[in-house]
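Please keep the sequence and the structure open while reading.

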Amino acid sequence: MKLLLFGSWVFCYFASLLVLRMWTEAYLRSPLTRSLLVNMVSESRTQQEAHEWYGCHTEILGEAVRPAFIQSYLDTETQAFLNRSAEKSGCLFTQLYHSFVSTLFSPFVSRTSINGYLGRGSMFVFSPEQFRQLMNISQDWKSKRLLDLGAGDGEVTKVMSPHFEEIYTTEVSATMKWQLEKKQYRVLGIDEWQDTGFQYDLISCLNLLDRCDQPMKLLKDIRRSLEPSKGRLVLAAVLPFHPYVEIGGKWEQPSEFLVVEGKTWEEQVTSMANGVFKEAGFAVEAFTRLPYLCEGDMYSDYYHLDDAVFVLRPEE
């Protein structure tokens, strides 16, 4: 009887999602028509949103940080990611399967781990060209060691890795660690990377600060782990700043809070530069505004948040 009830629930679940999907404008029977529409709609949508994604009212920025701002734009790599995301969201039965697995396991397993198992939910922070512009480096620039904290599935690590001889990563999720190891990145423990006996030329901390239980401690550990003269921290933060820590399938408040003041993106950038980063021993060398993009699902082709991406240098 229990098996029959479970089977009936699964059937009803898939049927309801199928009907919902069929009534959305994303559903088309012809793969060719679907592909053409996806590219047209996605490119049109992103062109309209690009001004908001990359725009900055520099007159609102603090005087100390204003000269460090770098204007970014929608480029071909970003558009290609959006097009791929739109194509994936149109794979009906794949999305139904993903939705079912997420619903079934989300009370017990974190969404990050579920995405790692399914191989979905890849993030996009910057393109190779945007990374080089932010770092002010050439295409053939090389350095020694990169550490990517909270690297997820390693897709963003892949953007930075061509410029470094040794690639190190950290990740809490077991399924994401598996994804990183498949890409042949060395995975360090979350309490191991600070005590390796060597320092890093670049540490990336991308959209981790608002999901960390002790963010100021993390920043100070990063500063101690950077090569003093040429070491840099690339840090991305979602603004407005709303910190929460994912524990299992639940969200909890962190034990340590960062004071980030202001209502606008520009005001919060200034507050982080003059307050949080200065307290941690960093100065802003460059920063830009970028959309923090995530692969979509059966309800949306993609999702995005507003990111501030900084290059920070250690200060005495």
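Glutamate 261 is exposed in this predicted model, with a relative accessible area of 55%. Glutamate 261 lies in the loop that runs between β8 (250–252) and α10 (265–280). Apart from neighbours within four places in sequence, glutamate 261 contacts Glu267, Gln268 and Ser271.

**Overall make-up**

- The protein contains 10 helices and 10 strands.
- Of its 316 residues, 50% are buried.
- Among contacts with a separation of 6 or more, 70% are between residues 24 or more positions apart.

- Aspartate 213 sits in the loop between β5 and α9.
- Its relative accessible area is 34%, so aspartate 213 counts as partly exposed.
- Aspartate 213 and glutamate 256 are 43 residues apart along the chain, and their C-alpha atoms are separated by 6.2 Å.
- Once neighbours within four places in sequence are set aside, the contacts of aspartate 213 are Val245, Gln253, Pro254, Ser255 and Glu256.
- With one of these residues, serine 255, aspartate 213 also forms a side-chain to side-chain polar contact of 2.8 Å.

**Asparagine 207**

- Asparagine 207 is in the loop between β5 (202–206) and α9 (215–225).
- Asparagine 207 is buried, with a relative accessible area of 9%.
- The phi of asparagine 207 is positive, about 55°, although the residue is not a glycine.
- Not counting residues up to four places away in sequence, asparagine 207 touches Val125, Ala236, Ala237, Val238, Tyr292 and Asp307.
- The side chains of asparagine 207 and aspartate 307 make a polar contact at 3.2 Å.

**Other backbone features**

- Most residues other than glycine have a negative phi, and most peptide bonds are trans.
- Glutamine 184 has a positive phi near 70° and is not a glycine.
- The location of glutamine 184 is the loop between α8 (174–182) and β4 (186–188), and this residue is exposed, with a relative accessible area of 74%.
- Asparagine 136, which follows α6, has a positive phi near 60°.
- The peptide bond joining leucine 239 to proline 240 is cis, with omega near 5°.
- Proline 240 belongs to the loop between β6 (232–238) and β7 (245–247).

**Helix α6**

- Helix α6 covers residues 128–135, and its buried residues are Gln130, Phe131, Arg132, Leu134 and Met135.
- An α-helix has 3.6 residues a turn, so residues three or four places apart point the same way.

**Cysteines**

- How many disulfides does the structure hold? The number is 0.
- A disulfide needs the two sulfur atoms within 2.5 Å.
- Cysteine 205 is buried, with a relative accessible area of 0%.
- Cysteine 56 is buried as well, with a relative accessible area of 15%.

**The second largest pocket**

- Rolling a probe the size of a water molecule over the atoms shows where empty space is left.
- The second largest pocket has a volume of about 310 Å³.
- Elements contributing two or more residues to the lining of this pocket are α3 (76–89), β1 (123–124) and α7 (155–160).
- Which element gives the most to the lining of the second largest pocket? It is α3, with 5 residues.
- The lining comprises 17 residues, and those nearest the centre of the pocket are Phe81, Arg84, Met123, Phe124 and Glu155.
- By type, the lining of the second largest pocket has 8 nonpolar, 3 polar and 6 charged residues.

Methods
Residues are numbered from 1 along each chain as its sequence is written. This is a predicted model: local features need pLDDT of at least 70, side-chain atom pairs count only at pLDDT 80 or more; totals for chains, interfaces and linings use all residues. Side-chain values use heavy atoms; hydrogens and water are left out. Buried means under 20% relative accessible area, exposed over 50%, partly exposed in between (1.4 Å probe, protein chains only). Helices (H or I, at least four residues) and strands (E, at least two) are DSSP runs, numbered from the N terminus. A polar contact is a pair of N or O atoms within 3.5 Å; within protein, one must be able to donate a hydrogen and the other to accept it, and residues adjacent in sequence count only if both atoms are side-chain atoms. Contact means heavy atoms within 4.5 Å. On a 1 Å grid over the protein atoms alone, a cavity is a set of points where a 1.4 Å probe fits but cannot get out, and a pocket is an open set with protein on both sides within 12 Å along at least five of seven lines; lining residues have an atom within 4 Å of a point. Grid points are joined across faces, edges and corners, and a volume is the space filled by probe spheres set on the points. Ala, Val, Leu, Ile, Met, Phe, Trp, Tyr, Cys and Pro count as nonpolar, Asp, Glu, Lys and Arg as charged, and the others, Gly among them, as polar.
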